[in-house]
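The exercises below are meant to be worked with the sequence and the model side by side. Each opens with a task and is followed by a solution that goes step by step.

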Amino acid sequence: MGIVRDSAHSNGAPTVEGTGIRVKDIAVAYEHSGYEPDEITQLYPDLTLADVHRALAYYYDHIDDFRSSSSEPASA
């Protein structure tokens, strides 16, 4: 699986392919809520540990885009 953008889902926000879980939500759980990657898989059972790490890598590779985004607040 990878990170995908689909304008028909989540307003085109990057999501983990096949899950609909937004990269932003994973990053918020990690950065702001203090969850470890393995704990995030418990919050989102559809994710594997590899998915979480892939999403976090995508987030940090595109952090300026996420920080300048004016989309709705993420939930975690």
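## Exercise 1: the burial of helix α1

Task: list the buried residues of α1, and state what they pack against.

Solution. The buried residues in α1 are V23, K24, D25, I26, A27, V28 and A29, where buried means under 20% relative accessible area, exposed means over 50% and partly exposed lies in between, computed with a 1.4 Å probe on protein chains only. Helices (H or I, at least four residues) and strands (E, at least two) are DSSP runs, numbered from the N terminus. Seven of the nine residues of α1 are buried, so this helix is largely enclosed by the rest of the structure. The buried residues of α1 pack against β1, β2, α2, α3 and α4, with contact taken as heavy atoms within 4.5 Å.

Before going on, note that this is a predicted model, in which local features need pLDDT of at least 70 and side-chain atom pairs count only at pLDDT 80 or more, while totals for chains, interfaces and linings use all residues. Residues are numbered from 1 along each chain as its sequence is written, and side-chain values use heavy atoms, with hydrogens and water left out.

K24, placed in helix α1, is buried with a relative accessible area of 19%, and its C-alpha atom is separated by 16 Å from that of L49, 25 residues apart from K24 along the chain. V23, leaving aside its neighbours within four places in sequence, is in contact with I3, P14, T15, A55, Y58, Y59 and F66.

## Exercise 2: a polar contact between buried residues

Task: find which side chain makes a polar contact with the side chain of R22, and decide whether each partner is buried or exposed.

Solution. Begin with R22, which is found in the loop between β2 and α1 and which, at 11% relative accessibility, counts as buried. The side chain of R22 makes a polar contact with that of D25 at 2.8 Å; such a contact is a pair of N or O atoms within 3.5 Å, where within protein one must be able to donate a hydrogen and the other to accept it, and residues adjacent in sequence count only if both atoms are side-chain atoms. D25 lies in helix α1 and, at 9% relative accessibility, counts as buried.

## Exercise 3: the core and its rings

Task: state how many residues the largest nonpolar core has, and describe the ring pairs made by Y59.

Solution. The largest nonpolar core has 16 residues, and those with the most contacts inside it are V23, I26, I40, L47, V52 and Y59; a core of this kind is a set of buried Ala, Val, Leu, Ile, Met, Phe, Trp, Tyr and Cys residues joined through side-chain atoms within 4.5 Å. The elements that give two or more residues to this core are α1, α3 and α4, and the largest share, five residues, comes from α3.

Turning to the rings, a search of the whole structure finds three aromatic pairs. Rings of Phe, Tyr and Trp (its six-membered ring) pair if their centres lie within 6.5 Å, and planes under 30 degrees apart count as stacked, over 60 as edge-to-face and the rest as tilted. Y59 and Y60 form an edge-to-face pair, 5.0 Å centre to centre with 75° between the planes. The rings of Y59 and F66 have their centres 5.1 Å apart and their planes at 55°, so this pair is tilted. Y59 is buried, with a relative accessible area of 7%, whereas Y60 is partly exposed at 37%.
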